[in-house]
Amino acid sequence: KKKLSLIKWPLYVLFALLLFCIQYAPVRLGIFEGAIHLLPFVVALSSFENVIPSVLTGAVSGLLLDYSSGHLFGFRALVLGIIALAVCLAIKLYVRPAFVSVMVCIAISAAIFVVSEFFFFYVIKGYESAFSIFTSIYIWSFFKTIIFGIPISYVTMQIYRLKPQKSSFDI
């Protein structure tokens, strides 16, 4: 089990960094633009892993988003950490960790993330055109996050299900 953990976590880190690079690439990647790629990764990982690694992954992913966005530092880390904790506990206590339940959790988490970010960054500050910002940016971000959540959660599930190969020297 320890050997498997030594394989899984570097793959998780590489996958998260790849998603981060895709999300914040200096060259606009068209269809990839606007989605929150790390959110489905955090939710999928939280569905299968234990609580502490899930919350830490959520917080670190949120710090990456905070660092690159230029908004309030720590806000996304807090939100993704809480989402990771809630998803991990909900899956462990109430739901079987399957692809459909992960996708439902991604949809709920994306809605919470988008609405909380919109509320704290636009509504509280009193922007006059806040509703048009919500309909033109945040709604599309929500739907793109769910759509890209399908392959992201699939890859995360495959990393989780990695099994160590028996070598020819094992008996």
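Ser47 is buried, at a relative accessible area of 1%. Buried means under 20% relative accessible area, exposed means over 50%, and partly exposed lies in between (1.4 Å probe, protein chains only). Ser47 belongs to helix H2. Helices here are DSSP runs (H or I, at least four residues), strands likewise (E, at least two), and both are numbered from the N terminus. Setting aside neighbours within four places in sequence, Ser47 contacts Val87, Ile91, Lys92, Pro97 and Val102. A contact means heavy atoms within 4.5 Å.

The model is predicted: local features need pLDDT of at least 70, side-chain atom pairs count only at pLDDT 80 or more, and totals for chains, interfaces and linings use all residues. Residues are numbered from 1 along each chain as its sequence is written, and side-chain values use heavy atoms, with hydrogens and water left out.

**The whole protein**

The protein has 6 helices and 0 strands. From the N terminus, the order of elements is α-α-α-α-α-α. It has 171 residues, and 42% of them count as buried. Take the contacts between residues at least 6 apart in sequence: 70% of these join residues at least 24 apart. The accessible surface is about 10100 Å², and carbon and sulfur atoms account for 73% of that. Such areas come from the Shrake-Rupley method with a 1.4 Å probe; for residues, only the protein chains shown count as cover.

**Helices H2 and H3**

Helix H2 spans residues 38-48 and helix H3 spans residues 51-69. Their axes come within 9 Å and cross at roughly 175°. H2 and H3 are therefore roughly antiparallel to each other. On the H2 side, the contact is made by Leu38, Phe41, Val42, Leu45 and Ser46. H3 brings Pro53, Ser54, Thr57, Gly58, Ser61, Leu64 and Leu65. Axes are lines fitted to C-alpha atoms, for helices over the stretch in contact, and angles run from 0 to 180 degrees between N-to-C directions. Angles under 35 degrees count as roughly parallel, over 145 as roughly antiparallel, 65 to 115 as roughly perpendicular, and the rest as oblique.

Ser54 sits in helix H3. Ser54 is buried, with a relative accessible area of 0%. Not counting residues up to four places away in sequence, Ser54 touches Leu45, Ser46, Glu49, Ala84 and Cys88.

**Salt bridges**

A salt bridge is a side-chain nitrogen of Lys or Arg within 4 Å of a carboxyl oxygen of Asp or Glu. The whole structure holds 2 salt bridges.

| Salt bridge | N to O distance |
|---|---|
| Lys8 and Glu49 | 3.2 Å |
| Arg76 and Glu117 | 2.6 Å |

Glu117 lies in helix H5 (residues 99-123) and Arg76 in helix H4, so this pair ties together parts 41 residues apart in sequence. Glu117 is buried at 9% relative accessibility. Arg76 is buried too, at 5%. Both Lys8 and Glu49 are buried as well.

**Helix H4 and the surface**

Leu93 is found in helix H4, which covers residues 75-93. Leu93 is exposed, with a relative accessible area of 60%. A nonpolar surface patch of about 520 Å² is formed by Leu85, Leu89, Leu93, Tyr94 and Val95. Patches consist of residues with over 30% relative accessible area and no salt bridge: like charges are joined within 9 Å, nonpolar side chains (Val, Leu, Ile, Met, Phe, Trp, Tyr) within 5 Å.

Ala86 also has its place in helix H4. Ala86 counts as partly exposed, at 45% relative accessibility. Ala86 and Ser47 are 39 residues apart in sequence, with 9.8 Å between their C-alpha atoms.
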